[in-house]
Amino acid sequence: MTKAVKYFWRIFFIGLGFSVLFLLLISWGVFGKLPSLSELENPSILSASEVFAADGRLMGKYVIIDRINVPYSEISPNVINALVATEDERFYKHSGIDARSLARAIFFFGSEGGASTITQQLAKNMLGQGSKNTIARVIEKLKEMIVAIKLERNFTKEEILALYLNTVEYSDHVYGIRNASRTFFQKDAFRLNVAESAVLVGMLKATGTYNPRINPKQALDRRNTVIDQMVRNNYLPAAEAGKIKLVPIKLDYEKMTHNTNLAPYFIDVLRNDIRQWCKEHKNPKTGEAYNIYKDGLKIYTTIDPRMQLYAEMAVARHMPNLQKVFNGQKNIKDGSVWKTKDGKAVLERAMKNSERWRNLSDDDVKEAEIRKSFDVKVPMKVFAWNDKREKDTTMTPLDSIKYHKQMLQASFILTDPLTGEVKAWVGGIDFKTYKYDHVNYNTKRQVGSTFKPLLYTLAIMNGYTPETPVPVDPVDLGGKLIGDKKYSGTRPLNYCLAASINPAAANLMNAIGVNRMVDFAKQCGITSKIPPYPSIALGSADISLIEMVSAYSMFPGGGMNTKPIYISRIEDRNGNVLQSFTTSHTEVINESDAYIMTRMMQGVVDFGTGRSMRSAYGITSEIAGKTGTTNNNADGWFIGFTPQLLAGAWVGADDPILRIANNYVGQGAQMAMPIWAYFFQEVYKDKTLGIDRNARFVQPESFKNEMMYDWVDPSLPDTPILEGENTGDDGSQYIDVPVSDGRERITTESQLNEEERKILEEAKNGSRKNDKVEPDSADQKKKGFFRRLFGGKKKKD
């Protein structure tokens, strides 16, 4: 044997040994972990974490990519044939690697097409690979081959095709054949015809280029190429193919989203909490932190599906009426609000934060051209208060920004004041369009007069009684004169709270001290930073809705502050409990002071700023609460409770420069309280919820032998009671927000399942048969008395 031959074989065997070693190193995970056999059998795409309601109903899932898997039997044969004919003609003949295609790719350096089989492409998707570096891509290719061989050994060809079709992206970030067929053709995957199947399979080559929605010509050409491939591989007769190719693509496009989850705002906020929990807890099987998207966690919450539905119904009943009033406001109607310095600044920020600006900027379009594009009218869908929650229109992108900015937002949260369990959570008017949640701890707004009960509680704790006279003359509060010409002299403490008189609150703050008030607010569960200024007496502090509701829990809770909880437990995919969550109670005030404050806050509803709860909305149960209005009517609040439930509502625009000009409409009683009222109207109708409209606040033993004060006070004004100083004679016409009679068609984001709908229907039927609510004569007289006493306007129907 010659030296040359020896060297050849030496090099050959060294190279072969090196190649084998290299493949072994890849297989062992030296160049990146490969999925195990169990992971191949149970891909991570099937292990999304699930969220459940209090009754066990599945509320939603946390997935990296929006995809829903369907079995092979539910996929049209036309899709299968189009895929195999176009992507891998010898799919049924190879075992994961097509040697002929691989040799061709190597010989022609990829110019005659790639060598990836469908199985390799599936492996690539599962590994999340696609490096642009040549050396890295070679290693990735080898890893894909190894995984492809494993897939072929452990799955049938049909299972591999189903896995592939369920994982790939089609266009518009739509993943999976089920979502693609519904998005582009509004069909289930098993109903797709040849032409539709060819369109979807055609997208796989280049999702942007062959998207039929934005590039119809290229998509049509690609569809016809796929059809030609089906003819070539004997999946379709040539004559039939010729007819199909003459027909244009018929789209029925509607993007599928996860926005139809039960309580979508809540689901989105909960995601961040679970992510944090995952960081702090390790999976004992892997030794790594739990992964919300892969470990199949089961998160059980306290949300009640029907109460959630009623909460969304309440928002949808009130906000369209309030929006109509707001749209008729002069500075909104003529657009002058956007011509101010603040208005221009808001529009500038919105433009630069928009997707349009970012995309054009990424394409190196000059700023001047980008700005011009915002003044060109284009077809679009915008939010609207109708059955579909949207409408088709044509407007400029800049007008679209104005339109959506002018939509008033709302939030509502319901808790059990004794357990702290959150039963309903509405973070905005429409999650599909407005993702920003207005309930959570990070969203803070000025709280207005809803802060006053905390100040009055501190006064009660320091020797004041409901009858203690408080000066209501104009008073200096931190260098600012607070007062109203209607008020002079003194008024009882209980009346000052019910009428929400600002000078009274200012006098209390001066007497008690700012630092003591800040410390007490913290004891009440408020974690937001409260500036130590006297103006906090009037609600100048920015605090979240959930914090305020938490602070109010001490009143129905007999002095115990209860922190809201909305997770009951977290389980692993096998049902093992990883953590249970319990209620946290802290005693803040004694039971007697809690009852006194409850009685005083009943006065708000019975004859004070929230008295329309009785007259306009017909709620006759025992209620205590407080309305709130901020500077220039930028925010409207109402936080109230019954013996069984505690709820808070907030209304306002995302940008505080957008305010309700009318001082009557801009009150918390007309901005936010109707949501609270509509919700309780529905809850009281549903007898299966166990909420008793006849329940009473429990009087402590210490009050059994004491005479409680009488609410009727001869000094009550003969005009409607409004928040604080918003009572000046500004020439505003008295305007009521129309009161809903409940007959309008209401579309909610959350939907009940079949069992819940059945229970709801039974509850409604029972309500109609047994619960005809007609105010008794005494009630009618009472309403008439208060209308005469306070001069309130009659509500419009």
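Let's start with a rule about rings: those of Phe, Tyr and Trp (its six-membered ring) pair if their centres lie within 6.5 Å, and the planes count as stacked under 30 degrees apart, edge-to-face over 60 and tilted for the rest. With that rule in hand, you can find a cluster in which ring pairs link Phe412, Phe638, Trp676, Phe679, Phe680 and Tyr684.

A quick word on what you're looking at. This is a predicted model, where local features need pLDDT of at least 70, side-chain atom pairs count only at pLDDT 80 or more, and totals for chains, interfaces and linings use all residues. Residues are numbered from 1 along each chain as its sequence is written, and side-chain values use heavy atoms, with hydrogens and water left out.

Now zoom out. The chain has 29 helices and 20 strands; these are DSSP runs numbered from the N terminus, with helices being H or I of at least four residues and strands being E of at least two. Of the 797 residues in the chain, 52% are buried. Here "buried" means under 20% relative accessible area, "exposed" means over 50%, and "partly exposed" is in between (1.4 Å probe, protein chains only). The chain's accessible surface comes to about 37,600 Å², and carbon and sulfur atoms own 51% of that; such areas come from the Shrake-Rupley method with a 1.4 Å probe, and for residues only the protein chains shown count as cover. As for contacts (heavy atoms within 4.5 Å), take those between residues at least 6 apart in sequence: 70% of them join residues at least 24 apart.

The expected span of a helix is 1.5 Å times one less than its number of residues. For helix α12 (residues 264-280), 17 residues should span 24 Å, and the end C-alpha atoms are 25 Å apart, which agrees. Among the buried residues of α12 are Phe266, Leu270, Arg271 and Trp277. Helix α27 has 13 residues and reaches 19 Å from its first C-alpha to its last, close to the 18 Å expected. How much of α27 is covered? Mostly: twelve of its 13 residues are buried, including Trp676, Phe679, Phe680 and Tyr684.

In one of them, the rings of Phe184 and Tyr253 have their centres 5.3 Å apart and their planes at 70°, so the pair is edge-to-face. Phe184 lies in helix α8 (residues 177-185) and Tyr253 in the loop between α11 (238-245) and α12, so the pair ties together parts that are 69 residues apart in sequence. Phe184 is buried, with a relative accessible area of 0%, whereas Tyr253 is partly exposed at 29%. Phe383 and Trp385 also form an edge-to-face pair, 5.1 Å centre to centre with 80° between the planes.

Tyr253 has another neighbour to look for: Arg213 lies over its face, 5.3 Å from the ring centre. A charge sits over a ring if NZ of Lys or CZ of Arg is within 6 Å of the ring centre and within 35 degrees of the ring normal. Arg356 has its charged end over the ring of Phe374 too, 6.0 Å from the centre.

What about charges meeting charges? Side chains of opposite charge can pair when their charged atoms come close. A salt bridge is a side-chain nitrogen of Lys or Arg within 4 Å of a carboxyl oxygen of Asp or Glu, and the structure holds 29 of them. Arg445 forms one with Asp635, the closest N and O atoms being 2.7 Å apart. Arg445 lies in strand β8 (residues 445-446) and Asp635 in strand β19 (residues 635-641), so this bridge ties together parts that are 190 residues apart in sequence. Both Arg445 and Asp635 are buried. Compare Asp741 and Arg743, whose bridge has its closest N and O atoms 3.9 Å apart: Asp741 is exposed at 54% relative accessible area, and Arg743 counts as exposed at 74%. Glu348, Lys352, Glu367 and Arg371 are linked in a network of salt bridges.

Finally, find Phe91, in the loop between α3 (77-87) and α4 (99-107). Is Phe91 buried or exposed? At 0% relative accessibility, Phe91 counts as buried. Leaving out residues up to four places away in sequence, Phe91 touches several others, including Val84, Ile118, Glu152 and Leu161. Phe91 and Leu161 are 70 residues apart along the chain, yet their C-alpha atoms are separated by 9.7 Å.
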